[in-house]
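This report turns to the aromatic contacts and the surface charge of the entry shown below. Please keep the sequence and the coordinates at hand while reading.

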Amino acid sequence: MGRKAKFDDVGTVKQIKGPGRKAKKQKPPKMLPGLPKVEGENDLKKLSHRQKQRAARRIKKKEEIKLIRKEKKKGVKKEDNIPNINEKSDSKNIDTKNIKSEIIKQFSDSNNSWLKSKNSNSVIPERDDDIESYDSNSVIDDEQSEENGLESFDEDISDDDYLAGTLDDVDSSNESGIEDTIPKKKLSTKKRKAEDESDDELLPIEKAAKKLKAAKKKEEAKDNEEMKMQINVASQDVFVFPADDKIDEHIPIPEVEQRIKDILLVLSNFNKFREENRSRQDYTALLLKDLCTYFSYNTFLMEKIMHLFPLEDLMSFLEASETPRPVTIRTNSLKTRRRDLAQALINRGVNLDPIGNWSKVGLVVYNSTVPIGATPEYLAGHYMLQAASSMLPVMALAPQENEHILDMCAAPGGKASHIAAIMKNTGVLIANDVNKNRAKAIVGNFHRMGIANSVISTYDGRHIPQIFKNFDRVLLDAPCTGTGVISKDSGVKMSKDETDLQRCFTLQRELLLAAIDSLNYKSPTGGYLVYSTCSVLAEENECVIDYALKKRDVKLVDTGLTFGTEGFTNLRQHRFHPTMKLTRRYYPHTHNMDGFFVAKLKKFSNVIPKNEESENEEKVDTNDNNDNDINDEVQNTKTVTFKKRPKHGRGKNRTEKK
């Protein structure tokens, strides 16, 4: 550091002569009596106890080094004439040059590994000033331990002597002199030497990486052991079937869950895990009971679902039905674009994304700081709260501009407004619903979204052909049991029974036949009908479509949807038409949307085909009547014959024969 500058009144720097404060030479220290004095020092200063010890130690070390040099010149071994450190010495000035090289020569090659400590600081001082702090005891102890052998070193140290450490100590320990506290395993002397040499050559980062790899291997070994234990437990004792008296006993829900998993495991490999005296039916009956208890279903509905899904998908469907589906909205293309709507909602604190590649108007809302059903954009009719599965039937219908389209069950207007948006407010849209109270929702949504090409009616859908006919396209979202939307209405699990199911698919058949009759098969652009339900039961989907294929001149066509599961062509005792694979099914656990069914039909004529069964019944009836007539003629002598009536006149020509 330089001296502080001083300025005069003019501003020029004053030149100060003489040395600065820090440039002054420090006075030599005062030594003890009997120690070498510095010239010009008469008075002695009292030293502390620690200073006295250090001064004595420096003198002893200098004498020791001097003796080692002399003995080496004479050819005497170091081990024979090593001076005692505790002896007093009166030597004064000792030459300390080249001490480092002299000390190194006294060690053999076998002792090179002990020249470096754990913290990689060399035992040999590199500066002459540091020679005074060098402790020769460490050199003597190392050579003695080398002669006596190091095997006792391993035996004396116990596991408790190793200190646990962290990786934070690795980087700084080698430079600050802190010993490594990472635990090490007890190894043999040769292996330990090799490891110490290799570790000393590595950088701190490499050492840390090496230890991380070792810890990772230990964790993997533990995981493998746990997996083996689980496999062994599963293979040894999977499930013990309860006694007949204890089957009906109430057990806690966690035990029910565990028993469900055990039964599914047994049924997955029945020949291996089953008990000898138990049949598959016993296990399925117990599984049915436990599933009804765990998920709160009635026996009828749970049995239908078990018949519908394989065992590996059964639990996935039931668990997915308990969690709600993501909130989705549909952009009203009559008023805005999806990009503009998304930007406006994001500015209001809504986190959303496009619903997928299959839709150009759908958005998924993850979370929102404002209510989605009360934003200015919603009140202005820029979007509609609509489930993702409800967009699929309209996409399959593919309405065209300037067409006559019928939505037979339109309330609350989500699908009908989607149709009107695709038609761009052209043509005619009949939005019908039998419930007048629900029809009010259609009116409100249509006014809000700016739909002007619609007519709202409240007729019974089964009577539509007597009122409206010759539609280009018809959409029938039939009422159903709602087994695909259990996450929205959990009351379905206990309220639906066999009577409700029978009532639903009977109504669905009648509505489907009425919708087909209202179609115009001569339409140049249409003649199509889309049938959809929010149910996963085959009785409401494939059975209804198969019934329509037999009763009307229609055929199944491709829905045009790019994803979805194919419909059933056979299910247990049911055998459906081979073209049923053109229909599409959607499940909560597979497609992350409500359970849905979509089928697309095309009408070819108004002819009502006759089934072979009905024709056979009519033939049987006519044969029976003929036999009765013959018997009457045999019994009675009089027969009456009727001639055809004339086209004009009311006269009767009748002859009697006796």
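Which residues do ring pairs link into a cluster? In this predicted model, the cluster consists of Phe 241, Phe 270 and Tyr 283, joined to one another through ring pairs.

The count of aromatic pairs comes to eleven. Among them, the rings of Tyr 294 and Phe 295 have centres 4.9 Å apart and planes at 85 degrees, and the pair is therefore edge-to-face, since planes over 60 degrees apart fall in that class. Tyr 294 is partly exposed at 28% relative accessibility, whereas Phe 295, with a relative accessible area of 5%, is buried. The rings of Tyr 378 and Tyr 383 form a tilted pair, and both of these tyrosines are buried.

The geometry of these two pairs is set out here.

| Ring pair | Distance between centres | Angle between planes | Class |
|---|---|---|---|
| Tyr 294 and Phe 295 | 4.9 Å | 85 degrees | edge-to-face |
| Tyr 378 and Tyr 383 | 5.5 Å | 55 degrees | tilted |

Charge on the surface is the second topic. A patch of positive charge gathers Lys 66, Lys 70, Lys 73 and Lys 74; of these, Lys 74 has its place in helix H1, which covers residues 49-74, and Lys 74 counts as exposed because its relative accessibility is 70%. A negative surface patch, in turn, is formed by Glu 219, Glu 220, Asp 223, Glu 225 and Glu 226.

Note on methods
Residues are numbered from 1 along each chain as its sequence is written. This is a predicted model: local features need pLDDT of at least 70, side-chain atom pairs count only at pLDDT 80 or more; totals for chains, interfaces and linings use all residues. Side-chain values use heavy atoms; hydrogens and water are left out. Patches are made of residues with over 30% relative accessible area and no salt bridge: like charges are joined within 9 Å, nonpolar side chains (Val, Leu, Ile, Met, Phe, Trp, Tyr) within 5 Å. Accessible areas come from the Shrake-Rupley method with a 1.4 Å probe; for residues, only the protein chains shown count as cover. A salt bridge is a side-chain nitrogen of Lys or Arg within 4 Å of a carboxyl oxygen of Asp or Glu. Lys and Arg count as positive and Asp and Glu as negative; His and the chain ends are not counted. The place of a charge is taken as NZ of Lys, CZ of Arg, CG of Asp or CD of Glu. Helices (H or I, at least four residues) and strands (E, at least two) are DSSP runs, numbered from the N terminus. Buried means under 20% relative accessible area, exposed over 50%, partly exposed in between (1.4 Å probe, protein chains only). Rings of Phe, Tyr and Trp (its six-membered ring) pair if their centres lie within 6.5 Å; planes under 30 degrees apart count as stacked, over 60 as edge-to-face and the rest as tilted.
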